[in-house]
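Colleague: Hi! Could you walk me through this model?
Modeller: Happy to. Here it is.

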Amino acid sequence: MQRLCTRNCRLWKKNTWVFGIKYATQPESFWFKRKMRKQGKQQQIYSSFLVLDFEATCDRGRTIEPQEIIEFPCIKLNTNTCEIEDVFHQYIQPKEIPVITPYCTELTGIMQEMVDDQPYFEETFIQFQKWLQKTGCWNSDNKSIFVTSGDWDLKVMLPKQCQLSNMHIPSEMKHWINIKKAFAAATGYFPRGIIDMLTKLQLPHQGRLHSGIDDCRNIATVLKTLIDRGFVFEETSHLDLDKS
Ligand SMILES: [Mg+2]
């Protein structure tokens, strides 16, 4: 009899533990919200952030026309766990002006051989949209939003590139969070850029500045820190539909 009680007690403890793990990780649950409050976290409006940071052709002291995207990185960050769940990363061969300037290589670390033989933007953008679908970021249960540092990526560069490539901009890419504006709302300080945000938060910079994928990882670090401190992110910017 005593053995049976002990066994049942162990089973009850095990089931409670499994129940706890299962429900404590569901964003809508009481336990999840209590855990977040204890950690100073708040529940976010969005389940995922898609951190995006294009690099494009450039030259010192002049604007290259037409400017083309040569690095296309995107990181999917789960806002509940603060884990990076998926990464899209592709270097792109510029079509109109195929030669990368020495200044561009110096700034971004992207060398000529890194873009030669890579796909053009058109193919990459189709692959990216397939990747977006695969991630399930806009499934019925999920609400996701792009995050960039500044408004240039989605307000200027993507519309210019899509016009050049005669491609349609998906509606999901017409709304985003400019992390610099969000940072200002969270801290009262408008940062100049990624390094400035990391410095203010006393966090180390990783990788190379103006490498698209490294910039994404550093933006993700800032996002995680502000989530941990209880800041709730909201959309800051959108593309004027008349001009898209
Ligand atoms: Mg960059």
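Modeller: Let's start with glutamine 202, which counts as exposed because 7 C-beta neighbours lie inside 10 Å (exposed means 12 or fewer other C-beta atoms within 10 Å, buried 20 or more, partly exposed in between, with C-beta atoms placed from the backbone). This is a predicted model, so local features need pLDDT of at least 70 and side-chain atom pairs count only at pLDDT 80 or more, while totals for chains, interfaces and linings use all residues. Residues are numbered from 1 along each chain as its sequence is written.

Colleague: Where is glutamine 202 placed?
Modeller: Glutamine 202 is in the loop between α8 (194-200) and α9; helices are DSSP runs of H or I with at least four residues, strands are runs of E with at least two, and both are numbered from the N terminus. Its phi is near 55 degrees, a positive value in a residue other than glycine.

Colleague: And cysteine 82, is that buried, exposed or partly exposed?
Modeller: Cysteine 82 is partly exposed, with 16 other C-beta atoms within 10 Å. You'll find cysteine 82 in the loop between β3 and β4 (84-91), and its phi, near 60 degrees, is also a positive value in a residue other than glycine.

Colleague: Switching to helices: which residues of α5 are buried?
Modeller: Those are Phe121, Phe125 and Leu132. They cover an arc of only 35 degrees around the axis, so they sit on the same side of α5 (the arc is that of the directions from the helix axis to the C-beta atoms).

Colleague: What covers them?
Modeller: The cover includes β3 (69-78) and α6 (152-164). On the face turned away from the buried side, α5 carries the exposed residues Ile126, Lys130, Gln133 and Lys134.

Colleague: What comes after α5?
Modeller: Glycine 136 follows α5, and its phi is positive, near 65 degrees.

Colleague: How do α7 and α9 pack?
Modeller: Helix α7 (residues 179-187) and helix α9 (residues 212-228) pack at about 25 degrees with axes 12 Å apart; axes are lines fitted to C-alpha atoms over the stretch in contact, and angles run from 0 to 180 degrees between N-to-C directions. That makes α7 roughly parallel to α9, a term for angles under 35 degrees.

Colleague: Which residues make the contact?
Modeller: Ile179, Phe183 and Ala186 of α7 meet Ile219, Val222, Leu223 and Leu226 of α9; contact means C-beta atoms, placed from the backbone, within 7 Å.

Colleague: Last one: which peptide bond is cis?
Modeller: The bond from glutamate 65 to proline 66 is cis, with omega near -5 degrees. Proline 66 lies in the loop between β2 (55-56) and β3.

Definitions and conventions. Two residues are in contact if their C-beta atoms, placed from the backbone, lie within 7 Å. Angles under 35 degrees count as roughly parallel, over 145 as roughly antiparallel, 65 to 115 as roughly perpendicular and the rest as oblique.
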